[in-house]
Amino acid sequence: MGYEFLSTVNAALNLTCLAFLLNGYRHIKAGRRDEHKRSMLLAFGTSGLFLISYLIYHAKVGSVPFQGVGWIRPVYFVILISHIILAAIIVPMAVVTVLRGWKGKFELHKKLARWTFPVWVYVSVTGVVVYLMLYHLV
Ligand code: HEM
């Protein structure tokens, strides 16, 4: 069975996560706490599904070399490496942010969420950008 299709599934999950994150942010800025909570938990669940699919993909397909040449190569690697480093950091950040929200520790939640939100958005967007560059642009 070919597992290549999972790269598209992964990009779609990243994009879905981004939509939930932006929606959750919009809700809290409008004071809608329940909707904020629901959207952020959906973003968290989508990221969990992404992680499972990502691990299966890399176990079965391995790593795919970037084919681009010239100036696009350093651009690709800067995006890829920053994406990987921040993707590792966002996992514990997201867990702690959700736990603080869940337990009602909103002041602490807010402090961390101000970092978690932009980092998570960056990781989701660059996940899609890396996918497009690797499979569709070159
Ligand atoms: C990892 C997922 C989450 C992220 C990224 C996130 C992000 C944010 C952000 C950016 C803010 C606004 C901070 C500001 O005004 O500067 C916020 C506030 C808030 N969040 Fe979350 N959130 C998450 C999960 C949750 C959960 C699960 C709850 C559960 C109840 C929650 C409840 C709240 C509440 C009540 C506020 C308002 C705090 C206040 O203004 O006093 N959040 N969150």
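What share of the contacts in the chain with a separation of 6 or more comes from residues 24 or more positions apart? The answer is 72%. Keep in mind that you're looking at a predicted model. Its secondary structure comes to four helices and zero strands, so reading along the sequence gives you the pattern α-α-α-α.

**The whole chain**

- The C-alpha trace spans about 50 × 35 × 25 Å along its principal axes.
- There are 138 residues in the chain, and buried ones make up 20% of them.

**Helix α1**

- Start with α1, which covers residues 6-29 and has 24 residues. From its first C-alpha to its last it reaches 34 Å, close to the 34 Å expected at 1.5 Å a residue.
- Eyes on the buried positions here: N10, A11, L13, N14, C17, F20, L21 and G24.
- Those buried residues of α1 pack against two partners, α2 (33-60) and α4 (106-137).
- After α1 comes G31, and its phi is positive, near 80 degrees.

**Helix α4**

**The nonpolar core**

- A bit of background: in soluble globular proteins, nonpolar side chains tend to be buried together.
- In this chain, the largest nonpolar core has 14 residues. Those with the most contacts inside it are C17, L21, A43, I90 and W120.
- Each of α1, α2, α3 and α4 supplies at least two residues of this core.
- Leaving out residues up to four places away in sequence, I90 touches V119, W120 and V123.

**Around the ligand**

- How many residues surround the ligand? There are 21, and the closest are K37, M40, T97, G101 and A113.
- By class, the shell around the ligand has 12 nonpolar, five polar and four charged residues.
- α1, α2, α3 (72-102) and α4 each supply at least two residues of the shell.
- The largest share, eight residues, comes from α4.

- G68 sits in the loop between α2 and α3. Is G68 buried, exposed or partly exposed? G68 is partly exposed, because 13 other C-beta atoms lie within 10 Å, while a buried residue needs 20 or more and an exposed one has 12 or fewer.
- Now jump along the chain from G68 to L137, which is 69 residues apart from it. The C-alpha atoms of these two residues are separated by 8.6 Å.
- L51 lies in helix α2. With 14 other C-beta atoms within 10 Å, L51 is partly exposed as well.
- L51 and L108 are 57 residues apart along the chain, and their C-alpha atoms are separated by 26 Å.

Technical notes. Residues are numbered from 1 along each chain as its sequence is written. This is a predicted model: local features need pLDDT of at least 70, side-chain atom pairs count only at pLDDT 80 or more; totals for chains, interfaces and linings use all residues. The expected span of a helix is 1.5 Å times one less than its number of residues. Two residues are in contact if their C-beta atoms, placed from the backbone, lie within 7 Å. A residue is near a molecule or strand if its C-beta atom, placed from the backbone, lies within 6 Å of it. Ala, Val, Leu, Ile, Met, Phe, Trp, Tyr, Cys and Pro count as nonpolar, Asp, Glu, Lys and Arg as charged, and the others, Gly among them, as polar. A nonpolar core is a set of buried Ala, Val, Leu, Ile, Met, Phe, Trp, Tyr and Cys residues joined through C-beta atoms within 7 Å.
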